[in-house]
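I opened this notebook to record what I looked up in one chain, going from the overall fold to single residues.

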Amino acid sequence: MLSEDLTRRIGAAVDSGCEALFARQRPDGVFAPRGDRFSPANTAAALIALHHADRAEGAQRPDGPDGVVARGVTRLRDSQRADGGWAMAKVPTELLATAAATAALRLTAPGHAASAIRAGSGLVARLGGPEALREPAMTGLVRQFDALSGNGDLAALPRLPLELLLLRGPARRLLSLRLPIFASMALAQSVHRPPMPLLAPVRGPARREALRVVRDAYEREGATGEFSTDPWLTSLISLGVTRSGLAPDISRASARSLRAMARPDGSWDLMPLDVTWSSFATAALLEAGRARDPRLEATRTMFRERQQDEPFAALGCPPGFWGFSSAYSWPMALETAEVSSALLRMPDGTGDAHARRGIEWLTATQDPRGSWSLAVRGSKPGGFGPCPHMTAKAVRALLDSGASAEDRRVVRALGWLSRVQDADGSYEALWYRGRTAGTAVVLETFCRAGRGGSRTARRARDFLLRTQSEDGSWSTADADGPGAPPGSARDGNAGTDKGTVEETAWALHALLASGTDPHGEPVAAAAHRLTESQCDDGSWQGAPLNEYVRFCSRYADDGIASGLAVRALARLRALTSTETTGPSGGTKEAGAA
């Protein structure tokens, strides 16, 4: 049995956690966490893009009229760590951020920042150089940054096959959301490098196709020059287009947009995650019994307003999706599934037209193999291809919409999930490090579909129980972190490693959904860890497990951590207070699954 004291603390943690979430709700309904979101990588990319944009305009001093580049240089110098590297707050030093920041300083302030450049270059070399990055696209990008800053030869960089864009379907499935970035970078390379003789006849059509891809993304966002409210995407597309010289209107607009995104100190934040933050908070509040709290109405309105009404033509995506943040964000299957579920589970949400459109979008984009990829149906494995975590969330949205476990979409998805389960019973997740998040979400989905007794679910549950640390938490050891050599610790976290709020909450909620004894030691130990780690204001601190660029760039997020913790503890509170209420309480439902 849970002790009386722990039961009391669980209830208090849920109540104070809910109010902490509401304390961070903006008038527009967005749940926005506090804290420093300064991104050295975004700042570096923006400085490189603005340097080239200013030179393209013939500026005598390539810093524009506002001095934002000089302030950005100062911010990077001041934020360099003792080891010579950079990363976001609460994140260990990363190779990608360090390499990008070093190149940006080398390009924009070679004399003024000489000592910072030497320290950064030394660390990049010790970490193995660009080739040590586990994402090949980032290796190529860092090598380009280096060459642009005088530390390499642009002509020696691998050729980007511009003509691939003429094959629209294969290009979309191969590149997914990277398609506009690839188009802009390949366009720039085609201007500065002679074509291969055999490909010279298609260079003109390929350039026009590349411009079409970029311009489509540009115009669907109102020709503001901002791409998906993201300084990183905006900087990379701006850099490629500017260097090509073929779309000066986009280049100028993107430069203006980057300057507008800059903070007063000349730095740039990680992109806003308005929809993501709010979906985690809403899921927690619904689990905690706050569905009819009038404060959630603003969030429901915000979700509806930020659904995309126009297709993303460049990617072949139909309308009806959600992205990370704004009404112009690029398509994301994960956010579409999570928001659709949230709207359907809100009061009177069964017939919500926006949720139904989200379900239609998910149905249209289900991969032929039964999985879901990030945005483009049938994306190639790896990168933004099929993801167990996203697939499980999409299935959950289908079930929330009224689909049965025998629905063909559900059956195909669960079949795919069973086929791709790793030998140790675990699953990966595209946007989160390690195996806890993916495994927990898949387990919970199988139980929701009445398959909690299946071999797949049993193996996933066993993995979670086997990898719980001695202190009751879960954590993915950082052997597979950014800049580290390939390899996953997986079972290596079982023991005394300090766990994370997020992974502990994911695992606890999934175990409860699978029928694990709510009074047993694994549950009690996890609940103790979560209640002990709650901050005085009712929130929880995030850990660096959220992937911005997979395997290369991470961030910690208190909003995500707080939402997950409240949701897990609320599930436990409900089970221990109403254990005999049947399916609505959860225990009997999970056992039947």
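**Overall fold**

I began with the radius of gyration, taken over C-alpha atoms, for which the globule rule is 2.2 Å times the number of residues to the power 0.38. With 593 residues, a compact globule would come near 25 Å, and the protein has 24 Å, which agrees.

I note that this is a predicted model, in which local features need pLDDT of at least 70 and side-chain atom pairs count only at pLDDT 80 or more, while totals for chains, interfaces and linings use all residues. Residues are numbered from 1 along each chain as its sequence is written, and side-chain values use heavy atoms, with hydrogens and water left out.

I read the extent of the C-alpha trace along its principal axes as about 75 × 50 × 45 Å. For secondary structure I found 23 helices and two strands, taken as DSSP runs (helices: H or I, at least four residues; strands: E, at least two) and numbered from the N terminus.

I then looked up burial, where buried means under 20% relative accessible area, exposed over 50%, and partly exposed in between (1.4 Å probe, protein chains only). Buried residues make up 62% of the 593 residues. The accessible surface comes to about 21,400 Å², of which 53% belongs to carbon and sulfur atoms; the areas come from the Shrake-Rupley method with a 1.4 Å probe, and for residues only the protein chains shown count as cover.

For contacts (heavy atoms within 4.5 Å), I noted that among those between residues at least 6 apart in sequence, 70% join residues at least 24 apart.

**Threonine 43**

I placed threonine 43 in helix α2 (residues 40-56), and at 0% relative accessibility it counts as buried. Leaving aside residues up to four places away in sequence, threonine 43 touches Phe38, Gly72, Leu76, Gly266, Ser267 and Trp268. With tryptophan 268 I also recorded a distance of 2.9 Å, from its backbone nitrogen to a polar atom of the threonine 43 side chain.

**Positive phi**

Most residues other than glycine have a negative phi, and I therefore wrote down two exceptions. Serine 176 has a positive phi of about 50 degrees although it is not a glycine; it is found in the loop between α7 (168-175) and α8 (179-192) and is buried, with a relative accessible area of 2%. Alanine 223 has a phi near 55 degrees, likewise positive in a residue other than glycine; it lies in the loop between α9 (200-220) and α10 (231-244) and counts as partly exposed at 36% relative accessibility.

I found aspartate 471 in the loop between α19 (455-466) and α20 (501-513), partly exposed with a relative accessible area of 28%. Its side chain is joined to that of serine 473 by a polar contact of 2.6 Å, the term meaning a pair of N or O atoms within 3.5 Å; within protein, one must be able to donate a hydrogen and the other to accept it, and residues adjacent in sequence count only if both atoms are side-chain atoms.

Cysteine 535 is in the loop between α21 (521-532) and β1 (546-549) and is partly exposed, with a relative accessible area of 24%. I noted that cysteine 535 and serine 16 are 519 residues apart in sequence and 10.0 Å apart in space, C-alpha to C-alpha.
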